[in-house]
Structure formats: structure tokens, C-alpha cells
Amino acid sequence: MTTVPDLVTLDLIEDAATLIRPHAVRTPLLPAPWPGLWLKPENLQPIGAFKIRGGLTYFDELAQSGRLPREVISATRGNHGQSMGWAARRHGVACTIVVPRGNSVEKNAAMRALGVTLIEHGDDFQEAREHAMHLAQQRGAHMVPSFHPDLLRGVSTYWWEFLRAVPQLDVVYVPIGQGSGACSAIAAKLALQHPVRVVGVVSSHATTYADSLAAGSVVEAPVTTQLADGMACRVADPEALAVLAPHIDHIVQVSDAEVAAAMQALFTDTHNVAEGAGAAALAAALQERELLQDKTVGLALTGGNVDASVFAQTLRTGH
């Protein structure tokens, strides 16, 4: 079976980097205050998250192949939706995004500011996703998935940048929401033939990817995380699992309390704002710090889109 790393070749990643360069930031590499640790702050992107890279390549492929639709529909907890809104606006395409009820107020506002028509439906991401699929079929609109090779080509560029800039990396930690970040790290690793170990990070309050990888098939798991909304996935994507299973080194589960402590540390020690999922990689590295002696470690600060009230409370109370 053809896998995503087979499809996301080095040539395709390099072409994606050229495409993305005028529209997104080539984020710096920061030596963190913790020994042997490097941080790539994708929170500095125009939409505050790495997802912008995938949106640009996905829409470019639609345009290049003459398949630009009149409307795209997708589902999100926020960053994927902003990526879709940014790229859709650039191409003059209408964009409708479905979010679950109670979604981040500020992420919702950011999507609307990009011209997105926002629909609130369901109690979690999976219900929002199913509703988005129904709407797309009903309207004849193009449904953009959360996981697709054309998204991964763009996302892989930040791992391509990371591994080329710090070739001595021994291990990287990557948060898993729907899987695009971790699969893109694997794609870049394989494309560059780099020996780095890729460690996936999931919320201990949203364990579908950990449970599914252990079982060898999709296992639905309840979502109770209050802080890591970007990792609040109830049903793992089978295509992402097919990529992760043979290549992921292992999975680390982090609690909301550990994520909150990592958010505090990132702000206090590096002056970076991280949303819950954005701080999860550091939370995992801190959990495994005794295993990382004399290792060069890379962390992705994948996004900084946290509501001000939530961030203030996290800094003040640690939860």
C-alpha cells in the first residue's frame, strides 16, 4: 500500500517550501534554556500556528489541477480552520467551517475575521466533522479533510527546515491531534534520510491515537481535556495510523496539569505564548527528561492561539 511518506518526497517538500515562502514565516530555531533542547516557534506564523503551511499547499494543488471549487467546507477546533480561511481568501473561494459548541471564542473570532462562515454544531470535533461532511454533500461543496497528502506536503516544510538547521537532532516530540504534524515529521525524516526518532504526544484525556496504535486498529476514546483542544480527537484517522504505526518511536501521554506547567515554562523562560497543544511537546520532554541525558532534542511549539482568559488563568493558577 502506498503511504504518505512515499507521496511526500523530498522534491515535493522543497517545492512546497518555495510556494510557502512568500506567504508564511520561515520560523527561527531557538536554543531553549534547557540543555540540549531546540524550539521551533510556529506560533509566530500569520495565523499563529503551523497549519498555515498545509492550507497553502492544499489550495495550490486545487488551483494547479483546475479543481478550485466555489466553496470549501471543513471542521476544526481552530487552527486548521484558520488555515483554510487564509488560503480560501487568497484564492477567492467561499469557506464554511464547522466547530463544536463551546469552541475557543478567540479562534472562532479569528476565523470569522478571515471571512469564514462559522457554524457551531455538536459536542466535540467528531460531531462537527460529521456535520461538515453532511453539509458538503448536501451543498455540493468540497470537503477538506484534516489529514491529506496535500496538507502534509506543506506541514512537512517546517520539519524539513528543522532537521536541516539542526542535523544533530536525536529525538523530536510532536503533538498529535488528527496526525498531520507527526506524520509530516515522519515524512521529512524519511525524505532527508535522517535518523531522528519521532515521539508522538497525546493528551491523557484524549487517547484515541495511543489506544489505536496499541490495538492496531481505530479505537474510539472519550475526550475530556479542558486545555489541549488541538489534541481533542475522539476517533483516530486510519490513514494517519497507517503512517504512524511503522515509524513512530513511541507515544507519550500528558495530562492537562503537565500541559499547563509547560505553558507556564514556555512563557516564563522563553517569553512564548503556547496554546495547550502547542505546549504538549515540552510537557512530554519534561516527563521523559531522565531519558534525554546527552541527547539533542527538538520541540515544535505548534501554536499560540489560546484565549486570553484561559492563558491568564493558566499562568495564575497552573490549570
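**Close-up 1. Lining of the second largest pocket.** Sorted by class, the residues lining the second largest pocket come out as 8 nonpolar, 2 polar and 3 charged. For that count, Ala, Val, Leu, Ile, Met, Phe, Trp, Tyr, Cys and Pro go down as nonpolar, Asp, Glu, Lys and Arg as charged, and the others, Gly among them, as polar. This is a predicted model, where local features need pLDDT of at least 70 and side-chain atom pairs count only at pLDDT 80 or more, while totals for chains, interfaces and linings use all residues. Numbering starts from 1 along each chain as its sequence is written, and side-chain values use heavy atoms, leaving out hydrogens and water. The second largest pocket takes up about 240 Å³. It has 13 lining residues, with Trp 34, Pro 35, Leu 37, Arg 289 and Leu 292 nearest its centre. Helix 12 is the top contributor to this lining, giving 3 residues. (Helices are DSSP runs of H or I with at least four residues, strands are E runs of at least two, and both are numbered from the N terminus.)

**Close-up 2. The largest pocket.** Here the volume is about 370 Å³. A pocket is an open set of points on a 1 Å grid over the protein atoms alone, with protein on both sides within 12 Å along at least five of seven lines; a cavity is a set where a 1.4 Å probe fits but cannot get out, and lining residues have an atom within 4 Å of a point. Grid points are joined across faces, edges and corners, and a volume is the space filled by probe spheres set on the points. Of the 21 residues lining the largest pocket, look for Arg 77, Gly 102, Thr 225, Gln 226 and Asp 229 nearest its centre. The lining splits into 7 nonpolar, 6 polar and 8 charged residues.

**Close-up 3. The largest cavity.** The model has 3 cavities of 30 Å³ or more, and the largest holds about 370 Å³ of space. Its lining runs to 27 residues, and Lys 51, Gly 177, Gln 178, Gly 230 and Met 231 sit closest to the centre. Helix 4 (79-91) and helix 8 (180-192) are the elements giving two or more residues to this lining. By class, the lining has 9 nonpolar, 13 polar and 5 charged residues.

**Close-up 4. The second largest cavity.** This one comes to about 70 Å³. Among its lining residues are Ala 17, Ile 20, Arg 21, Arg 53 and Glu 161. The class count is 4 nonpolar, 1 polar and 4 charged.

Close-up 5. Follow the 4 strands in the order 5-4-3-6, with parallel pairing. Strand 5 (117-120) and strand 6 (142-143) are the edges, each pairing on one side only. Strand 4 (residues 94-99) pairs with strand 5 over 4 bridges; strands count as paired if DSSP finds at least two bridges between them. Thr 96 is opposite Thr 117 in strand 5.

**Close-up 6. Two residues with positive phi.** Most residues other than glycine have a negative phi. His 271, in the loop between helix 11 (256-270) and helix 12 (276-287), has a positive phi of about 60°. His 271 is exposed, at 65% relative accessible area (exposed means over 50%, buried under 20%, partly exposed in between, with a 1.4 Å probe and protein chains only). Asp 294, in the loop between helix 12 and strand 10 (297-301), has a positive phi near 65°. Asp 294 is exposed too, with 82% relative accessibility.
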